[in-house]
Amino acid sequence: MESIVARHMGVTALPADLEPTAAELDAIELELPLILAERDVLDAQIMVLDRVPSEVDLTRLRRARRRVLAARTALENRAAAVPGGAA
């Protein structure tokens, strides 16, 4: 039986250093509050997937969604305040 493995080189070579740059790490750190807030929304949604949400579940979901909106607003305001930032 013959192997059906590709026998050619990849189209693009991978860079030797696959670590994120300092600028990329700074961007991630800047967006971390939004990332964590979106994770909280996802956690709240997962909790109610297989059951009818209780009043506590609905409150948790509403609060998580408000945190996402607040984090997005803060991120956008920060970008608008920086000269040459995102348009």
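**Entry 1. Arginine 62 and its partner**

I began with arginine 62, which counts as partly exposed because its relative accessibility is 40%. The cut-offs I applied are under 20% relative accessible area for buried, over 50% for exposed, and partly exposed in between, with a 1.4 Å probe and protein chains only. I then looked up its partner and found that arginine 62 forms a salt bridge with glutamate 55, with the closest N and O atoms 4.0 Å apart. A salt bridge here requires a side-chain nitrogen of Lys or Arg within 4 Å of a carboxyl oxygen of Asp or Glu. Glutamate 55, at 55% relative accessibility, counts as exposed.

**Entry 2. Basis of the values**

I note that this is a predicted model, in which local features need pLDDT of at least 70 and side-chain atom pairs count only at pLDDT 80 or more, while totals for chains, interfaces and linings use all residues. Residues are numbered from 1 along each chain as its sequence is written, and side-chain values use heavy atoms, with hydrogens and water left out.

**Entry 3. The chain as a whole**

I recorded 2 helices and 0 strands for the protein chain. Helices are DSSP runs of H or I with at least four residues, strands are runs of E with at least two, and both are numbered from the N terminus. Of the 87 residues in the chain, 13% are buried. I took the accessible surface as about 7600 Å², with 62% of this belonging to carbon and sulfur atoms; the areas come from the Shrake-Rupley method with a 1.4 Å probe, and for residues only the protein chains shown count as cover. I also looked at contacts between residues at least 6 apart in sequence, and 58% of these join residues at least 24 apart. Contact means heavy atoms within 4.5 Å.

**Entry 4. Helix α1**

I followed helix α1 over residues 22-47; its 26 residues reach 36 Å from first C-alpha to last, close to the 38 Å expected. The expected span is 1.5 Å times one less than the number of residues. I found a bend of about 55 degrees at glutamate 31, with proline 33 following within four residues. The bend is the angle between axes fitted to the seven residues ending at a position and the seven starting there. The buried residues of α1 are Leu34, Ala37, Val41 and Ala44, and their cover includes α2 (55-81).

**Entry 5. Helix α2**

I checked α2 in the same manner: its 27 residues should span 39 Å, and its end C-alpha atoms are 39 Å apart, which agrees. Its buried residues are Asp57, Leu61, Ala64, Val68, Ala71 and Leu75, and what covers them includes α1.

**Entry 6. The nonpolar core**

Which residues make up the largest nonpolar core? I listed 9 residues: Leu34, Ala37, Val41, Ala44, Leu61, Ala64, Val68, Ala71 and Leu75. Both α1 and α2 give two or more residues to this core, and α2 supplies the largest share, 5 residues. Such a core is a set of buried Ala, Val, Leu, Ile, Met, Phe, Trp, Tyr and Cys residues joined through side-chain atoms within 4.5 Å. I looked up one member, leucine 34, which touches Val68, Ala71, Arg72 and Leu75 when residues up to four places away in sequence are not counted.

**Entry 7. Aspartate 57**

Arginine 51 is partly exposed at 40% relative accessibility.

**Entry 8. Other salt bridges**

I noted 6 salt bridges in the structure. One of them joins the side chains of arginine 39 and aspartate 40 (3.4 Å, N to O). Both residues are partly exposed: arginine 39 has a relative accessible area of 44%, and aspartate 40 stands at 24% relative accessibility.
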